[in-house]
Amino acid sequence: MNVKQQGISGYWLKVIAVISMLIDHTSAVILEQIPGLENSAFLMRIIGRLAFPIYCFLLVEGFYHTRSRAKYAGRLFLFSLISEVPFDLAFSRRMWDFSSNNVFFTLLFGLLVIWGVEGIKQKFVEEVYGNKAAVIRLILTIVIVAAGGFLALLFCTDYDLSGIVTIFAIYKFYPQKVKGMGIGVFVLTLLASIIEAAAFLDMIPVYFYNGTRGKQMKYFFYIFYPAHLFLLAMIARAMGLWT
């Protein structure tokens, strides 16, 4: 007999993130361009702060549970390329804008960072460095995180350095999920903007997260990102909001 687990699955975390992201981007792409809607737009941007930390949390979950980390990284890279034109159309009103790149790049660099840090936990570090292994691991961890942050800044990715450090913070405290989320949001607020503090509310759904995947709609959530950005860009253009 199947027993239904208490709490919410990863599917519902993704739903929360997607709804929050859609509200946020609708505000950024459309409402903020319309005079008189500034207060409504700002409120929607606050709600939108919930999305990114959940995606960071799910990235770490995926890192530990995926069958192939290489394929996982490959999917992120593929969708970072697919999403770039819709992202630029939505936020820059241009087909290509290399001054800002979409969040899939941030997630990809974050994945590479925690993959690298996980690698230096292996026994070969102790075998090579002996009693100095702990110090060497600390130095290598700093170097890897800094390298990931540098890449994010170099490529001007969404959330750039603050996003990389947030992913690392959540990873560092895994499997203490709620604590990791709280520290991740604190880091994001410290490095990005005080408005990111709204994402402390993410600790509530993460608390109720039961560790299961739930409904299998993996590619829907990947495709939704470029699709909704393209749609919002076309709506903004149709409304004459492009300048």
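Start with the largest pocket, which holds about 1,200 Å³ of space. Keep in mind as you look around that this model is predicted.

To find the middle of the pocket, select Lys14, Tyr55, Leu58, Leu59 and Tyr72: of the 46 lining residues, these are the closest to its centre. Next, colour the helices around it. The elements that give two or more residues to the lining are α1 (10-29), α2 (38-48), α3 (51-65), α4 (69-92), α5 (103-119) and α11 (218-238). If you then colour the lining by class, you will see 21 nonpolar, 12 polar and 13 charged residues.

Now move on to helix α7, residues 133-154. Its 22 residues should span 32 Å at 1.5 Å a residue, and the end C-alpha atoms, 31 Å apart, agree with that. Show the side of α7 that is hidden from solvent by selecting its buried residues: Ala133, Ile136, Arg137, Thr141, Val145, Gly148, Gly149 and Ala152.

Step past the end of α7 to Cys156, where phi is positive, near 50 degrees. Is Cys156 buried or partly exposed? It counts as partly exposed, because its relative accessibility is 30%.

For the last stop, select Cys56 together with Cys156. Cys56 is buried, with a relative accessible area of 0%. How far is the sulfur of Cys56 from the closest cysteine sulfur, in Cys156? The distance is 18 Å, too far for a bond. Cys156 is in no disulfide either, and the count for the model comes to 0 disulfides.

Technical notes
Residues are numbered from 1 along each chain as its sequence is written. This is a predicted model: local features need pLDDT of at least 70, side-chain atom pairs count only at pLDDT 80 or more; totals for chains, interfaces and linings use all residues. Side-chain values use heavy atoms; hydrogens and water are left out. On a 1 Å grid over the protein atoms alone, a cavity is a set of points where a 1.4 Å probe fits but cannot get out, and a pocket is an open set with protein on both sides within 12 Å along at least five of seven lines; lining residues have an atom within 4 Å of a point. Grid points are joined across faces, edges and corners, and a volume is the space filled by probe spheres set on the points. Helices (H or I, at least four residues) and strands (E, at least two) are DSSP runs, numbered from the N terminus. Ala, Val, Leu, Ile, Met, Phe, Trp, Tyr, Cys and Pro count as nonpolar, Asp, Glu, Lys and Arg as charged, and the others, Gly among them, as polar. The expected span of a helix is 1.5 Å times one less than its number of residues. Buried means under 20% relative accessible area, exposed over 50%, partly exposed in between (1.4 Å probe, protein chains only). A disulfide is a pair of cysteine sulfur atoms within 2.5 Å.
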